[in-house]
Amino acid sequence: MTRRERTRLLLLWVFLGFLPLLVRPLWEPDEGRYAEIPREMLATGDWLTPRLNGVLYFEKPPLQYWLSALSMKLFGLNGAAARLPLALASGLMIWAAWRLAKRLGARDPLWAPFMAATGLLGFLVGQLLTLDALFSAFLVAAVAAFVEAVARRREGSPARAWTLLTFLLLAGAMLTKGLAELILTGGILLFSLAFAWKDPELRRTVIRTALDPLGWLLYLLLAVPWFWAVNRANPGHAQFFFIHEHFTRFLTHEHARQGSNNWFLDKLYFVGVLALGLLPWLSATLVGLKRSWIFLKGRGPQGQDQLARWIVGITVLGFLWPLAFFSLSGSKLAPYILPALVPLAALACTFEREGEEGAALRRMGWELLVLGGIFLLAAFLFRKDLEGLGWVLAMGAGFAGLGLWAQRPSGLSAPRLQAALGVALWLLVLAVQSAAGPGKAVADLVRKAPKDAQWISYGNYFQGLPFYAHTRAVVVAGTGELAFGRDRLADAERWFSEDPMALGAVADRLKREDPSRPVLVMAKASSWEHLDAAEKARWAELVRNPAAVVAQRR
């Protein structure tokens with residue numbers, strides 16, 4: 001890596017991968033959940049068994065929880081510290097895109113990480129405290145390291161470090177989200193053999209790298225101990241995690257996460273997600289995929305170079321196999337397709353030909369105009385109800401203005417284009433926080449409430465409530481995903497009730513148990529409005545936002 005490449009990648013990471021993590025509170029529900037679990041690890045000192053609101057929570061492995069807990073131990077119990085592992089995710093993603101594009105022979109491999117970092121889906125998901133960004137980053141970085149290991153072995157260069165790095169990254173993916181890593185990477189590596197089959201030496205190199213004994217020993221030493229220890233301490237963990245959270249999720253609609261109730265639209269869900277999420281690089285991606293297909297059919301200038309053909313093939317599979325796997329799955333969320341973005345960016349960057357920059361820039365300009373037009377139209381249609389209208393207008397104008405500049409690119413150099421797009425994306429961060437933030441965060445509600453309160457979460461389990469209040473909440477009519485842990489509590493009735501009429505009785509019980517501490521409720525706004533008038537009269541409303549109301553028991 002040259003000094004220029006290091007500097008450019010570092011600037012990209014700092015301004016678009018790190019700093020945006022610091023500017024807003026945690027959003028409901030996912031960010032509150034993935035911050036509260038590590039907070040409870042710090043509070044209890046138990047780093048083995050994940051807990052959420054005091055109950056067992058076995059849906060995911062612990063690596064990101066551990067990273068967030070370490071970050072909060074160093075930088076305090078705040079949303080920015082909890083979100084800091086996403087900086088590792090963005091760094092890995094940026095490195096993987098550059099590494100793949102470099103090995104593919106791109107004229108300027110620095111464009112690949114920029115494209116991956118500034119596509120709409122990658123940029124937005126990279127700032128949300130879920131497990132998808134870190135899992136995807138481990139996955140694509142492992143593929144990039146595997147490609148490098150195979151290529152170096154094939155060229156006769158030392159490859160042991162790259163092989164071990166591959167298995168280290170795969171273990172990180174396993175400890176972040178589980179078995180999906182084995183299915184995704186296993187499918188990519190297995191099907192890539194089709195592109196190496198005509199070259200026996202290359203085929204053997206791919207197989208030997210994938211089955212490297214030291215690599216698998218490292219993987220097992222890193223990935224197995226926690227699963228063994230947590231199931232030993234909590235019998236039943238393996239059944240819930242491996243069966244319910246993987247096979248049931250993939251094969252059924254139990255989690256109600258299908259893309260559509262229409263079977264055909266459900267299977268096309270991620271095509272739609274990518275069509276919007278790849279902006280403003282959709283056209284570049286389509287051109288890259290088309291030329292990749294031509295290359296793999298042997299029509300390109302290097303079509304007979306078997307190593308180059310295998311590298312292009314495995315990169316294409318890095319997009320196709322996750323798309324196929326998640327499209328077939330019965331459980332779909334937009335961030336699941338995140339692993340496809342880095343391979344697409346690497347291919348688009350690699351197959352752009354010299355002299356095409358003007359045409360590619362104009363196509364990108366049209367996409368920016370479409371993106372800006374969508375935001376400006378939304379601002380106009382929802383202007384009466386939209387918070388932060390000025391920021392939304394500025395964001396839409398920023399994208400549209402850059403799109404117009406790209407159509408007539410006088411003075412629009414590559415650094416200026418990158419800087420201008422970065423500014424537009426920062427406007428997106430501020431606009432989304434202004435428009436959606438007030439209804440997505442509970443931080444201000446908790447901060448404006450009395451300290452040392454006893455809390456009830458009513459009509460919904462507000463994930464960020466225990467995090468910001470630093471205490472466990474009683475849940476009334478909102479147990480949801482906490483049911484598994486609730487059913488294993490000896491005193492479940494003390495902390496959970498699914499009867500919406502029980503709010504008053506629960507509040508009075510808490511008040512009797514500790515009269516020195518006020519009893520507060522955070523209620524879902526719609527549940528609060530439907531509360532019986534006599535019951536509501538026994539509460540003094542303190543503060544509210546569009547989604548929730550906080551009140552104190554009189």
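Let's start with Trp13: at 24% relative accessibility, this residue counts as partly exposed, because that class lies between buried, under 20% relative accessible area, and exposed, over 50%, using a 1.4 Å probe and protein chains only. Phe18 falls in that class too, with 23% relative accessibility.

A quick word on what we're looking at. This is a predicted model, where local features need pLDDT of at least 70 and side-chain atom pairs count only at pLDDT 80 or more, while totals for chains, interfaces and linings use all residues. Residues are numbered from 1 along each chain as its sequence is written, and side-chain values use heavy atoms, with hydrogens and water left out.

Now, back to the rings. Rings of Phe, Tyr and Trp (for Trp, the six-membered ring) pair if their centres lie within 6.5 Å; planes under 30 degrees apart are stacked, over 60 edge-to-face, and the rest tilted. The count by this rule is 20 aromatic pairs. One of them joins Trp13 and Phe18, with centres 5.5 Å apart and planes at 20°, so this pair is stacked. Is Phe270 buried or exposed? Phe270 is buried, at a relative accessible area of 0%, whereas Tyr269 is partly exposed at 23%. Both belong to an aromatic cluster that also takes in Phe191, Trp321, Phe325, Phe326 and Tyr336.

Let's move on to two helices. Helices here are DSSP runs of H or I, at least four residues, numbered from the N terminus. Helix α16, residues 282-296, packs with helix α17, residues 306-328, at about 140°, and their axes are 10 Å apart. The axes are lines fitted to C-alpha atoms over the stretch in contact, and angles run from 0 to 180 degrees between N-to-C directions. So α16 and α17 are oblique to each other; that word covers whatever is left after under 35 degrees (roughly parallel), over 145 (roughly antiparallel) and 65 to 115 (roughly perpendicular).

Who meets whom? From α16 we have Leu289, Ser292, Phe295 and Leu296, and from α17 Ala308, Arg309, Val312, Gly313, Val316 and Phe319, with contact meaning heavy atoms within 4.5 Å.

Last stop: Arg363, in helix α19, residues 357-381. This arginine is partly exposed, at 32% relative accessible area. Leaving aside neighbours within four places in sequence, Arg363 touches Ser283 and Val287. Arg363 and Pro280 are 83 residues apart in sequence, yet 8.7 Å apart in space, C-alpha to C-alpha.
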